[in-house]
Structures are given as C-alpha cells and as structure tokens.
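Please look through the sequence and the model that follow before reading on.

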Amino acid sequence: MSKVNLDRRDFLGKASVALGGLAIAPGMMLFDFAQARQPGEPASSAVRWGMLIDTTRCESGCDDCVTACRKENGWPEPQAATDVQWIRKVEIKQISTGRHVNLPMMCQHCANPPCVDVCPTAASFKRADGIVLVDKHRCIGCRYCMMACPYKARSFVHEPVLDHDSDMPRGQGTVESCTMCVHRVDRGEQPACVEACAKNGSRAILFGDLNDPNSEISLRIRSVTTTQLRADLGLNTGISFTGI
Amino acid sequence: MRAFLLILLLAAVPAWAGDSIVPKLDIGRGGQCVEDPAFMRTNHMKLIMHQRDETVRKGIRGSKYELTNCVDCHASKDNNSVLGSNRNFCQGCHVYAAVKIDCFECHSSRRKIPPTALASAEPASSKVAITEVGK
C-alpha cells in the first residue's frame with residue numbers, strides 16, 4: 001500500500017467538521033443545496049428523478065397538467081388518435097365497486113425501459129439521472145418503441161412542425177414523449193405539469209430525487225402505500241401512484 | 001486542349017476570389033464569436049455536432065458551442081431569425097455553398113425573446129420586427 005497522505009486526511013477531517021456545522025441535526029441542513037448543475041456538468045447517476053402522483057387529489061375534469069405540458073413543450077392540441085400527446089388524463093373505474101380514479105398518464109421513466117431495449121439506432125435512451133428520452137438526431141421514426149411501451153406514452157410526429165420552441169426541439173418523422181421537462185430540471189426547476197398542479201391548489205404531483213433518502217418524495221414513498229403501474233412487468237417505473 | 005482548359009480555369013480564379021460573389025450576410029448582433037471567424041467557417045458543424053450529443057445524451061448544458069447561442073447572436077434584427085432570405089446568416093451561406101441545413105427542421109431558427117425583453121427599451125426597428133414574428 002502506498003504512503004498515507006496525511007494532508008488529505010487532515011483536510012477531510014476539517015471539511016467534515018465544517019460541513020457538520022451547517023447541519024442542525026442528522027439529515028437536516030441549515031439550507032438546501034441548489035439542485036441545478038453547474039454549466040458543463042453532466043447529469044449524475046447519483047440522482048434518480050421521479051414523481052409520486054396522489055390520485056385522490058387529482059380532480060375529474062381538470063387538465064391543467066396537460067395544458068401546461070403543451071404550452072411548455074409546444075405540442076398542439078390533439079385532434080385525432082394519431083396526433084402527438086405527451087400526457088393525458090385517464091379516468092379508471094373499478095367495475096365491482098364503481099369507484100372512479102383520475103390520473104395523469106405519461107412516460108413512466110422506467111429503470112428498465114422496454115423502449116430502450118427495442119430501439120435499433122440507440123436513439124431511445126435513459127439518461128444517467130433516470131430520465132428516458134428520445135435522441136431525435138438518431139431517431140429514424142420506426143416506432144418500435146411506441147409498440148414496446150406498455151403505457152402508450154409515446155407519439156409519432158406525422159405533421160411538419162412549424163412553430164419551434166427554443167427549449168424543446170420537435171420534428172416531423174421522429175417519436176417523442178414526456179421528457180420530465182428535462183430542460184427545466186437541468187435549470188433546477190420542476191416539470192411544467194408539477195408546477196401547474198401546485199398552482200391550482202391540487203398538489204397531486206410530487207417531483208423529486210428518489211435516490212435521496214431525505215427528499216420529500218422519498219419520505220412520502222416510505223410512509224404511504226404506493227403503486228407502480230404494471231409492476232408485474234418489472235420495469236421499476238420512476239413514477240408511482242397513491243390511491244389506486 | 002488541356003492547356004486551353006487550364007487557361008480558362010486560371011482566368012476564372014480571380015472571379016471566384018472577388019468580393020462580389022461572396023454572400024453578403026446580415027450577421028445580426030455579431031460581435032466577438034466563440035472562436036475565430038475563419039475557424040468557425042470551416043468547423044462550426046463539427047462543434048455543433050459534438051455539442052448536440054453532449055447535451056442530449058449526457059445532459060451537459062451551458063457550453064459556449066450551443067446552437068441557441070449561434071442563433072442568439074446571428075439572428076437578423078429584421079425578422080429575428082437566421083433563416084428567411086439569402087441575406088440571413090445561416091441560410092445565406094448555406095445557399096451559397098449548396099449545403100442543406102437540417103438543424104432547423106427541429107430547432108428554432110429564431111432568437112428566444114424573454115417576455116420581459118419585449119417591454120424593455122429596444123431600438124424601434126427591432127421592436128417592429130418582434131411584433132411581426134410574434135403574431
């Protein structure tokens with residue numbers, strides 16, 4: 001073994017004392033470190049972004065999340081079944097009891113995404129922080145991923161895109177889906193649907209880092225019963241639900 | 001015959017080199033580019049191509065080689081875009097060089113205007129251009 005670097009040990013010791021001073025109690029800091037990454041810093045696998053959707057707070061007839069997503073990412077209001085739709089409101093009914101549940105449905109950002117498995121050009125990929133995306137530079141529009149997705153979360157752009165958004169490039173002949181507002185997340189903001197849901201008072205969608213044991217979403221997931229959709233497929237979705 | 005062709009070729013060279021044929025571009029805001037202009041003329045596509053993979057796949061943002069930065073500086077003050085006519089920065093040169101641009105099939109060719117900038121004190125000419133684009 002090489003010579004022990006005492007300077008380094010000394011530094012680490014002092015640094016831990018200094019950091020300890022900022023903490024009020026274990027897991028409780030005087031201030032929250034900003035989550036926006038520095039320019040030039042890649043997405044880290046230490047983070048896994050996810051959402052927890054409380055279906056009991058999701059109101060029937062409200063589609064603020066869908067409208068916010070359309071506005072943020074620039075996809076037009078769907079007219080036909082083949083039109084682009086990144087997020088949709090779904091109402092499910094338990095036939096035996098007649099109980100209705102409302103929920104928003106979009107890409108579930110699986111840990112083992114089938115869309116990535118089937119993509120012949122590696123256009124469909126999972127970013128280090130767990131966000132599943134389409135690299136439209138590589139997408140050839142074959143739509144295998146759309147068939148592989150059990151959540152019907154992806155859409156194909158049939159029509160030419162005329163009004164481009166600076167933050168979210170979209171183009172004819174490619175497949176697209178919810179990006180968890182990756183451009184906003186990279187700036188340290190919340191996805192547009194989460195913000196819209198909080199703004200109207202429902203606060204049905206909670207967004208956060210699933211890998212951080214002290215994040216609000218992790219604390220909630222530890223304390224209440226949550227469900228992943230089609231958990232039988234073993235995809236380990238980044239989005240989970242309560243109340244279904 | 002070969003000598004004749006050579007003479008023809010040599011006679012044509014000064015015409016290529018003349019300023020009259022070089023596209024006259026509206027460089028937009030212009031100013032100091034991220035690299036030397038001569039380097040950018042030959043290598044901008046490599047920089048953008050490399051950066052697009054870094055940004056999309058690794059999530060690296062804030063590089064000086066981002067496409068949005070190109071558009072921010074070089075969008076014309078007349079139509080707020082790098083496309084539109086053969087004077088516009090990207091279109092003008094690409095038409096001259098007969099190279100198709102794929103970027104703007106998906107990416108925005110217009111400068112992103114923060115909502116606050118619309119109300120702020122801008123020169124009158126660009127204000128008119130912005131309202132035309134926004135309608």
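In helix α2 of chain A, the buried residues are A:D64, A:C65, A:V66, A:A68, A:C69, A:E72 and A:N73, where a residue is called buried if 20 or more other C-beta atoms lie within 10 Å of its own, exposed if 12 or fewer, and partly exposed in between, with C-beta atoms placed from the backbone. Helices here are DSSP runs of H or I with at least four residues, strands are runs of E with at least two, and both are numbered from the N terminus. This is a predicted model, in which local features need pLDDT of at least 70 and side-chain atom pairs count only at pLDDT 80 or more, while totals for chains, interfaces and linings use all residues. Residues are numbered from 1 along each chain as its sequence is written, and chains are lettered from A and ligands numbered from 1 in the order in which they are written.

Because seven of the ten residues of α2(A) are buried, this helix is largely enclosed by the rest of the structure. The cover over its buried residues includes β4 (88-94), β5 (99-105), α6 and β10 of chain A, and contact, here and below, means that the C-beta atoms of two residues, placed from the backbone, lie within 7 Å. Just after α2(A), A:G74 takes a positive phi of about 75 degrees.

Two packed helices are described by the angle between their axes and the distance between the axes. The axes of α2 (residues 64-73) and α6 (residues 192-199) of chain A come within 8 Å and cross at roughly 135 degrees, the axes being lines fitted to C-alpha atoms, for helices over the stretch in contact, with angles running from 0 to 180 degrees between N-to-C directions. That angle makes α2(A) oblique to α6(A), since angles under 35 degrees count as roughly parallel, over 145 as roughly antiparallel, 65 to 115 as roughly perpendicular and the rest as oblique. From α2(A), the contact is made by A:D64, A:C65, A:A68, A:C69 and A:E72, and from α6(A) by A:A192, A:C193, A:E195, A:A196 and A:C197. By class, this contact has seven nonpolar, no polar and three charged residues, where Ala, Val, Leu, Ile, Met, Phe, Trp, Tyr, Cys and Pro count as nonpolar, Asp, Glu, Lys and Arg as charged, and the others, Gly among them, as polar.

On the α6(A) side, A:A192, A:C193, A:V194, A:A196 and A:C197 are buried, and what covers the buried residues of this helix includes α2, β5, α5 (182-186) and β10 of chain A. Just after α6(A), A:G201 takes a positive phi of about 95 degrees.

Strand β10, which is part of the cover of α2(A) and of α6(A), leads on to a sheet. Three strands of chain A form this open sheet in the order β10-β3-β11, with mixed pairing; two strands are taken to pair if DSSP finds at least two bridges between them. The edge strands are β10 (205-209) and β11 (239-242) of chain A, each of which pairs on one side only. Neighbouring strands of the sheet are turned by 20 degrees against each other on average, direction ignored. Helix α7 (residues 216-223) of chain A packs on the sheet, touching β3, β10 and β11, and its direction makes about 110 degrees with that of β10(A).

Strand β3(A) is mostly covered, with five of its six residues buried. Five bridges join β3(A) to β10(A), and these two strands run antiparallel; in β10(A), the bridge partner of A:W49 is A:D209. Four bridges join β3 (residues 49-54) to β11(A), and these two strands run parallel. In β11(A), A:I239 is the bridge partner of A:M51, while A:F241 stands opposite A:I53.

Elsewhere in the chain, A:S155 is found in strand β8 (residues 155-156) of chain A, and with 19 C-beta neighbours inside 10 Å it counts as partly exposed. Leaving aside its neighbours within four places in sequence, A:S155 is in contact with A:V84, A:Q85, A:V175, A:E176 and A:S177. The C-alpha atoms of A:S155 and A:T82, 73 residues apart along the chain, are separated by 7.6 Å.

Taken as a whole, chain A has seven helices and eleven strands, and 33% of its 244 residues count as buried.
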